[in-house]
Amino acid sequence: MDEAQLLARLLARHSPSGAEGAAVREFVGIARTLGYRARIDRAGNGVAERGFGRPELLYLGHIDTVEGTRPVRVARGRIHGRGAVDAKGPLACALLAGIRADGPGTLRVVAAVREETDSAGARHLLRGRRPDGVVVGEPSGWDSVTIGYRGDLRVEVVFRARRSHWSSPARTAADTAVDWLARAREVVGARSSGTPFRTLTMKLVGLADDPAADPEEARLLLDLRLPPGLSSEEALALLPAEPGSPTVRTIARLEAVERPRTDPVVRALVSAVRAVGGSPTLFRRGGSSDLNLVVPAWGVPGAAYGPGDSRLDHTDHESVAVDELRRAGSVLERAFVELRARPVVV
Amino acid sequence: MTECPVCAADVESKDKIAGEVFPCVDCGTELEVRALEPFAVEPAPKEAEDWGE
């Protein structure tokens, strides 16, 4: 079985977040066939292991996708399907690379669930053994390594106002919400300098109002992307208290992460890209991934790596070149060998 | 002492630390110190940003 065949089998099991069961069972079945010890953990993650003891290297992929099926097909050297890029392609490459990368210690390849929603799969892993190093399975491109992601803060801001006749001078909750949003944009704009990765941004991702309620209500759903050095707590404190004295409820928060180029996992991946004939690029990305969650929590070396163009994530054009899958598999094989031979003890 | 992997100019190891990035004095290529004993350098990875995940 090669990377493309393995990927096709994973793509054939549609697995939107929260409904990954069939794909996880397929992952575990394939892993066992390849010689891994494989199981499904309490969170529903597929877990495949080879070797014993330390160092323990974790490849943390995810098997869930966003909603929406796409036909699985190979055309002009590319394999298409929902999750081909984000992130079954990286997972397929890691699973095959693992069986070619012998060495001391343990290699664990995890097909985590619900990465696209609440990272429940990765959060479950945080309660278990801490590995010595982590590669998060996200599309970086076969010759690139992702060393940073911005943080993510999602909040609901609720405004309430006494009901009044619309002909009166009193402001509605919706009026106040719009005024507050303009003020919040000014505050965020004042922090927007430097490169995009080091810039705070804010998007309005939802709004609702209920003028018939008593008191009437208006709700804003905001998504803020946080540069390194600005915690979610600090970002919350930046939000204006006026006008309207709104209630701010945090829905989700993830801190920014940035790894140095000297991180052993980064170095192993960079060396491996070179060995396979590439000219490596270190990427800092504006989105976020499970790297934000696990590397700070465990305090271990880490980076994100996998085949595919992340600009195709979540689109109806998700596809990855078969040749890129093979190259990424070779890179991972070499990186796994180096990291298993040179323990990343912290 | 080692050679620049791009232009073969001499590269001094004095005062360098592992992971340090510095330009080759001859060709200007950004080099990264890969190891101190023995001293080894290679072209530093490029750096970039995008909005993806």
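Visitor: Is Glu233(A) buried, exposed or partly exposed?
Guide: Partly exposed, because its relative accessibility is 48%. Buried means under 20% relative accessible area, exposed means over 50%, and partly exposed is in between, with a 1.4 Å probe and protein chains only. The areas come from the Shrake-Rupley method, and for residues only the protein chains shown count as cover.

Visitor: What should I know about the model and the numbering?
Guide: This is a predicted model, where local features need pLDDT of at least 70 and side-chain atom pairs count only at pLDDT 80 or more, while totals for chains, interfaces and linings use all residues. Residues are numbered from 1 along each chain as its sequence is written, chains are lettered from A and ligands numbered from 1 in the order in which they are written, and side-chain values use heavy atoms, with hydrogens and water left out.

Visitor: Where is Glu233(A) placed?
Guide: In helix α6 of chain A, residues 232–238. Helices (H or I, at least four residues) and strands (E, at least two) are DSSP runs, numbered from the N terminus.

Visitor: Which residue does Glu233(A) form a salt bridge with?
Guide: Arg253(A), with the closest N and O atoms 2.9 Å apart. Arg253(A) is in strand β12 of chain A and Glu233(A) in helix α6, so the pair ties together parts that are 20 residues apart in sequence. Arg253(A) is also partly exposed, with a relative accessible area of 35%.

Visitor: What counts as a salt bridge here?
Guide: A side-chain nitrogen of Lys or Arg within 4 Å of a carboxyl oxygen of Asp or Glu. By this rule there are 38 salt bridges over all chains.

Visitor: What about Arg267(A), which partner does it have?
Guide: Arg267(A) forms a salt bridge with Glu32(B), and the closest N and O atoms are 3.6 Å apart. The pair crosses between chains, from helix α7 (residues 264–275) of chain A to strand β4 of chain B.

Visitor: Arg267(A): buried or exposed?
Guide: Arg267(A) is buried, because its relative accessible area is 13%. Glu32(B) is buried as well, at 3% relative accessibility.

Visitor: And Glu47(B), what does it form a salt bridge with?
Guide: With Arg284(A), the closest N and O atoms being 2.6 Å apart. Glu47(B) lies in strand β6 (residues 46–50) of chain B and Arg284(A) in strand β14 (residues 281–285) of chain A, so this pair joins two chains. Glu47(B) is partly exposed at 40% relative accessibility, whereas Arg284(A) is buried at 14% relative accessible area.

Visitor: Which residues are linked in a network of salt bridges?
Guide: Arg198(A), Glu258(A), Arg261(A), Arg267(A), Arg284(A), Glu32(B) and Glu47(B).

Visitor: Changing topic: which residues gather in the patch of negative charge?
Guide: Glu3(B), Asp10(B), Glu12(B) and Asp26(B), on the surface. Patches are made of residues with over 30% relative accessible area and no salt bridge; like charges are joined within 9 Å, and nonpolar side chains (Val, Leu, Ile, Met, Phe, Trp, Tyr) within 5 Å. Lys and Arg count as positive and Asp and Glu as negative, while His and the chain ends are not counted. A charge is placed at NZ of Lys, CZ of Arg, CG of Asp or CD of Glu.

Visitor: Where is Asp26(B) found?
Guide: In the loop between β3 (21–23) and β4 (30–36) of chain B. Asp26(B) is exposed, with a relative accessible area of 60%.

Visitor: Now the backbone. Which peptide bonds are cis?
Guide: Among them is the bond from Arg54(A) to Pro55(A), with omega near 0 degrees. Pro55(A) lies in the loop between β2 (46–51) and β3 (56–62) of chain A. Another cis peptide bond joins Asp86(A) and Ala87(A), with omega about 0 degrees, and Ala87(A) is in the loop between β5 (78–80) and α3 of chain A.

Visitor: What is the phi of Arg114(A)?
Guide: Positive, about 60 degrees, although Arg114(A) is not a glycine. Arg114(A) is in the loop between β6 (106–112) and α4 (120–125) of chain A.

Visitor: Last one: why is α3(A) said to be largely enclosed?
Guide: Because 11 of its 13 residues are buried. They include Leu91(A), Cys93(A) and Leu95(A).

Notes: Areas by Shrake-Rupley, 256 points an atom, 1.4 Å probe, with all protein chains shown as cover.
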